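The structure is shown first.

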Amino acid sequence: MNMNFNMFMNDVVVTARNEAKEAGFAELTTPEEVEDAFGKDGTTLVLVNSVCGCAGGIARPAAAYALQKSDTKPDHTVTVFAGQDKAATEKARSYFTGYPPSSPSFALLKDGKLMTMVERHEIEGSEPIEVVHKLQDAFKAHC
């Protein structure tokens with residue numbers, strides 16, 4: 001069997017992008033789109049997406065569930081893709097002061113200011129419902 005690695009990875013990336021979009025996240029692929037989105041009034045949940053297993057098995061499903069089942073929700077939901085849309089991800093991370101680069105991860109901004117983060121170390125090895133609860137707690141505290 002001869003598999004083209006680049007074609008395989010493209011499929012993985014497309015699937016990861018689509019899962020985030022299906023959950024209601026607007027995709028930001030340029031630094032300008034990040035600035036526009038982060039400049040909006042209200043609360044913005046940012047998913048720093050990736051192709052790792054904890055993104056697909058925990059972070060994206062937890063985000064989708066939290067958004068579906070929460071009474072209190074952020075005003076806006078956006079995503080940047082680490083390792084794919086590098087300039088957009090770098091711009092987003094410039095808002096996450098005090099936190100090292102981490103993917104997958106979530107940031108919750110209010111009026112463009114960072115309120116809280118759920119970092120990879122809080123996602124990886126967790127059950128999806130634990131991440132759902134972390135997101136819902138952040139929504140309740142800041143939305």
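## Helix packing and cores

In this predicted model, P31, V34, E35 and F38 of helix α2 are in contact with A87, A88, K91 and A92 of helix α4. By class, the residues of this contact are 6 nonpolar, no polar and 2 charged. The crossing of α2 and α4 is right-handed.

On the α3 side, G57, I58, A62, A63, Y65, A66, L67 and K69 make the contact; on the α6 side, P128, I129, V131, V132, L135, Q136 and F139 do. The contact of α3 with α6 has 12 nonpolar, 2 polar and 1 charged residues.

Two packed helices are described by the angle between their axes and the distance between the axes. The table gives both values for each pair.

| Helix pair | Residues | Angle between axes | Distance between axes |
|---|---|---|---|
| α2 and α4 | 31-38 and 86-93 | about 35 degrees | 7 Å |
| α3 and α6 | 53-69 and 128-142 | about 50 degrees | 8 Å |

What is the size of the largest nonpolar core, and which residues have the most contacts inside it? This core has 22 residues, and those with the most contacts inside it are F25, L45, F106, I123, V131, L135 and F139. At least two residues of the core come from each of β2 (43-49), α3, β4 (105-110) and α6. The most is given by α3, with 8 residues.

F139 belongs to both the α6 side of the helix contact and the set with the most contacts inside the core. Leaving out residues up to four places away in sequence, F139 touches L45, A66, L67, S70, T72, K73, P74 and L108.

Another core, of 15 residues, lies apart from the largest one; L28, F38, A88 and F96 are among its members. Of these, F38 and A88 also take part in the contact of α2 with α4.

Two loop residues have backbone features to note. P104 is in the loop between α4 and β4, and the peptide bond that joins S103 and P104 is cis, with omega about 0 degrees. D111 is in the loop between β4 and β5 (113-118). Phi of D111 is near 50 degrees, a positive value in a residue other than glycine. Is D111 buried, partly exposed or exposed? Its relative accessible area is 46%, so D111 is partly exposed.

Key. Residues are numbered from 1 along each chain as its sequence is written. This is a predicted model: local features need pLDDT of at least 70, side-chain atom pairs count only at pLDDT 80 or more; totals for chains, interfaces and linings use all residues. Side-chain values use heavy atoms; hydrogens and water are left out. Axes are lines fitted to C-alpha atoms, for helices over the stretch in contact, and angles run from 0 to 180 degrees between N-to-C directions. Helices (H or I, at least four residues) and strands (E, at least two) are DSSP runs, numbered from the N terminus. A crossing is left-handed if the near helix is turned anticlockwise from the far one by less than a right angle, and right-handed if clockwise. Contact means heavy atoms within 4.5 Å. Ala, Val, Leu, Ile, Met, Phe, Trp, Tyr, Cys and Pro count as nonpolar, Asp, Glu, Lys and Arg as charged, and the others, Gly among them, as polar. A nonpolar core is a set of buried Ala, Val, Leu, Ile, Met, Phe, Trp, Tyr and Cys residues joined through side-chain atoms within 4.5 Å. Buried means under 20% relative accessible area, exposed over 50%, partly exposed in between (1.4 Å probe, protein chains only).
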